[in-house]
Amino acid sequence: FVISGEITDHRINYLKQIHKILNRRVKKFDSRKSNFPLMNYNKNASFSIDCPKTKYWDFSSGIRYLTSIKEGSIPILFKKLNDHPLEDICYQLNLNKKDISFLIKNKKKIFNNWKKNYKKYANFAKRENEKINLKN
């Protein structure tokens, strides 16, 4: 997993819950704010976690999603806001043991499904760009 974004208590609580669910499958992460990995991509990371900044955060992170994809990670959402088309290519899950265990055990299946969604988005983006080019 890769985590990015501003360090907040809400995000740290999310990460603590994920760590508790994963139990001993991952090394314990250091939740001290000074050591929070900000856009620290790792070639071995399959997923990029996008935790809400606060409990009431209502903004998606399109640039973060694109950066994750560029670096080879699938963006993970815990809350879909329907405010950006890139959300459709993110993998959405709930913060519970069942969903997170499924994610880890089925990485290949999830990746194959994700590629289909990515292709749909790429076609959508191409059509939208062509519309813009026609106007110029």
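1. Basis. Residues are numbered from 1 along each chain as its sequence is written, and side-chain values use heavy atoms, with hydrogens and water left out. Because the model is predicted, local features need pLDDT of at least 70 and side-chain atom pairs count only at pLDDT 80 or more, while totals for chains, interfaces and linings use all residues.

2. Overall make-up. The protein has 4 helices and 4 strands, and from the N terminus on these elements run β-α-β-α-β-β-α-α. Helices (H or I, at least four residues) and strands (E, at least two) are DSSP runs, numbered from the N terminus. Of the 136 residues in the protein, 35% are buried. Here buried means under 20% relative accessible area, exposed means over 50%, and partly exposed is in between (1.4 Å probe, protein chains only).

3. Contacts along the chain. A contact means heavy atoms within 4.5 Å. Taking contacts in the protein between residues at least 6 apart in sequence, 63% join residues at least 24 apart.

4. The sheet. The 4 strands form an open sheet with parallel pairing, in the order β1-β2-β3-β4. Its edge strands are β1 (2-3) and β4 (91-92), each of which pairs on one side only. Two strands are taken to pair if DSSP finds at least two bridges between them.

5. Strand β2 and its partners. On one side, β2 (residues 47-50) runs parallel to β1 and is joined to it by 2 bridges. V2 has S48 in β2 as its bridge partner, and I3 stands opposite I49 in β2. On the β3 side, 4 bridges join β2 to β3, again in parallel. S48 has P75 in β3 as its bridge partner. The chain gets from β2 to β3 through α2, and this β-α-β crossover is right-handed. That term applies if, with the strands pointing away from the viewer, the path from the first strand over the helix to the second runs clockwise.

6. Cover over β2. Both faces of β2 are covered. F47 and I49 on one side, and S48 and D50 on the other, are all buried. Helix α2 (residues 62-70) lies across β2 and β3 (74-77) and runs at about 140° to β3. Axes are lines fitted to C-alpha atoms, for helices over the stretch in contact, and angles run from 0 to 180 degrees between N-to-C directions.

7. Side chains of opposite charge can pair when their charged atoms come close. A search of the whole structure finds 4 salt bridges, each being a side-chain nitrogen of Lys or Arg within 4 Å of a carboxyl oxygen of Asp or Glu. One of them joins R64 and D50 (2.9 Å, N to O). R64 lies in helix α2 and D50 in strand β2, so the pair ties together parts that are 14 residues apart in sequence. Both R64 and D50 are buried.

8. Two further salt bridges. The side chains of D88 and K80 meet at 2.8 Å, N to O. D88 is partly exposed at 47% relative accessibility, and K80 is also partly exposed, with a relative accessible area of 31%. The side chains of K131 and E128 meet at 3.1 Å, N to O. K131 and E128 are separated by about one helical turn because they are 3 residues apart in helix α4 (residues 107-135). K131 is partly exposed at 47% relative accessibility, as is E128 at 29%.

9. Which residue is buried yet has no salt bridge? This is D99, for which the nearest side chain of opposite charge, K98, is 5.6 Å away. Lys and Arg count as positive and Asp and Glu as negative, while His and the chain ends are not counted. D99 is found in helix α3 (residues 97-105). Leaving aside its neighbours within four places in sequence, D99 is in contact with L93 and N94.

10. A positive phi. Most residues other than glycine have a negative phi. In N82, phi is near 55°, a positive value in a residue other than glycine. N82 is found in the loop between β3 and β4, and is exposed with a relative accessible area of 63%.
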